[in-house]
Amino acid sequence: MISNQELPTEFLEAIPVLKEIEQAGFEAYFVGGSVRDMFLGHPIHDVDIATSAYPEEIKQIFKRTVDVGIEHGTVLVLIGEEQYEVTTFRTESTYQDYRRPDKVTFVRSLEEDLKRRDFTMNALAMTADGELIDLFDGLKAIKQQQIIAVGKPNERFNEDALRMMRGLRFASQLDFSIEEATLSAITEHAHLLKEISVERICVEWVKLLLGKNPRWGVELFLTTECFNYCPGLINQQLELCRLQTKLTTVISSEELAWILLLDHLTVKNTKKWLKQWKLSNKMIQSVTDALNYLPIRRTKGDWTKDMLYEAGAETICLVEQVLTYLGEDGHESLYLEAYQKLPIHSLHELEISGKDLLENLDKSPGAWVGITLNHLANLVLHNQLTNNHNELLLYCQKELRDDV
């Protein structure tokens with residue numbers, strides 16, 4: 001039994017939801033990751049509630065609800081400014097596509113609900129009074145720092161093959177080992193990842209790389225051969241091994257994770273490779289830009305003014321973060337300060353526009369306008385001209401009237 005004094009605030013605030021469901025004659029429990037994280041001493045992000053009440057019954061109990069996944073038994077309950085996902089106990093039939101159950105059946109039994117969960121540490125439930133329901137020794141697994149599938153691992157991974165990537169991800173995030181039978185089943189069923197959408201795999205892969213112990217996560221990713229069923233990673237075992245030896249600390253951002261990965265892989269077309277992972281255009285551009293400047297920075301050993309100007313602050317920071325992470329003498333603050341001290345950072349900061357040139361140089365519109373603006377920006381960048389409207393216009397009138 002856990003006293004109210006020991007319960008995190010997130011649970012205390014949600015207790016009235018459980019009590020109201022119980023007063024209506026149903027069972028209700030805190031379940032899953034929030035209960036696990038409480039015992040791990042981690043921050044609680046989302047408090048999930050499981051109940052014997054069916055979705056329509058929950059909607060009758062609470063005045064404000066949203067159908068967020070009612071076909072799967074989930075209703076969002078709104079209490080003041082807080083919101084809680086309340087899900088009916090359920091069992092699931094066979095999984096012919098290794099992703100989704102053919103049929104979801106609502107039940108009144110907590111045990112039936114917990115039996116279908118992925119790992120024992122996630123199959124914990126707790127009452128509003130702080131009583132722990134641990135039917136599968138999940139607390140023991142947490143204390144022993146082990147990831148153990150609920151029931152038969154083969155069945156769990158056949159139900160939803162993504163659970164294998166979740167297991168690897170949890171190993172990295174928590175720095176836990178994976179129990180022998182569970183690990184063996186992941187290795188045996190790794191090929192089922194072919195049935196899972198890239199988007200779902202990507203979420204777990206990124207979390208693995210950003211985990212507490214990414215080296216351990218990548219090692220398991222390799223030993224289970226899950227890498228062979230992820231976009232662009234087949235036949236990249238040696239490259240991934242080289243990366244794995246370099247993963248000594250936590251990776252601070254997703255951009256940095258992708259750059260570190262691609263810096264060690266053999267890839268002909270970076271953008272095309274990243275698109276396989278269904279990443280956003282912004283992410284692809286950020287990673288590609290950094291990878292373009294990384295070899296230049298390594299070769300030159302420094303940033304020139306032109307490089308700083310062309311790369312921009314975000315790319316400079318990412319390149320220096322990669323070098324620092326890999327122990328290659330990165331200097332993020334130094335070069336970011338150098339960038340900030342540049343007299344100009346883009347054409348938008350130039351104190352003269354294309355319209356000004358057209359109005360004062362008596363020339364027809366054409367490519368010369370862009371060429372001239374870039375030339376002026378270069379002169380300002382290298383302190384050969386001051387970024388002053390009159391000075392820039394005078395320069396154009398004197399030097400470029402007949403040349404551009």
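Reader: Leaving aside neighbours within four places in sequence, which residues is F30 in contact with?

Author: Contact here means heavy atoms within 4.5 Å. On that reading, F30 touches F11, A14, I15, L18, V35, V47, D48, I49, L124, A125, M126 and T127, once its neighbours within four places in sequence are set aside. One caution before we go on: this is a predicted model, so local features need pLDDT of at least 70 and side-chain atom pairs count only at pLDDT 80 or more, while totals for chains, interfaces and linings use all residues. Residues are numbered from 1 along each chain as its sequence is written, and side-chain values use heavy atoms, with hydrogens and water left out.

Reader: Where does F30 lie, and is F30 buried or exposed?

Author: Buried means under 20% relative accessible area, exposed over 50%, and partly exposed in between (1.4 Å probe, protein chains only). F30 has 0% relative accessibility, so it counts as buried. Strands (E, at least two residues) and helices (H or I, at least four) are DSSP runs numbered from the N terminus.

Reader: How far apart are F30 and L274 in sequence and in space?

Author: In sequence, 244 residues separate F30 from L274, and in space they are 38 Å apart, C-alpha to C-alpha.

Reader: On to helices: why is α12 described as largely enclosed?

Author: Count its buried residues. Helix α12 covers residues 254–264, and eight of its eleven residues are buried, so the rest of the structure largely encloses it. The buried ones are L256, A257, W258, I259, L260, L261, L262 and H264.

Reader: What covers the buried residues of α12?

Author: The cover includes other helices: α9 (198–209), α11 (237–246), α13 (270–275), α14 (281–300) and α16 (313–325).
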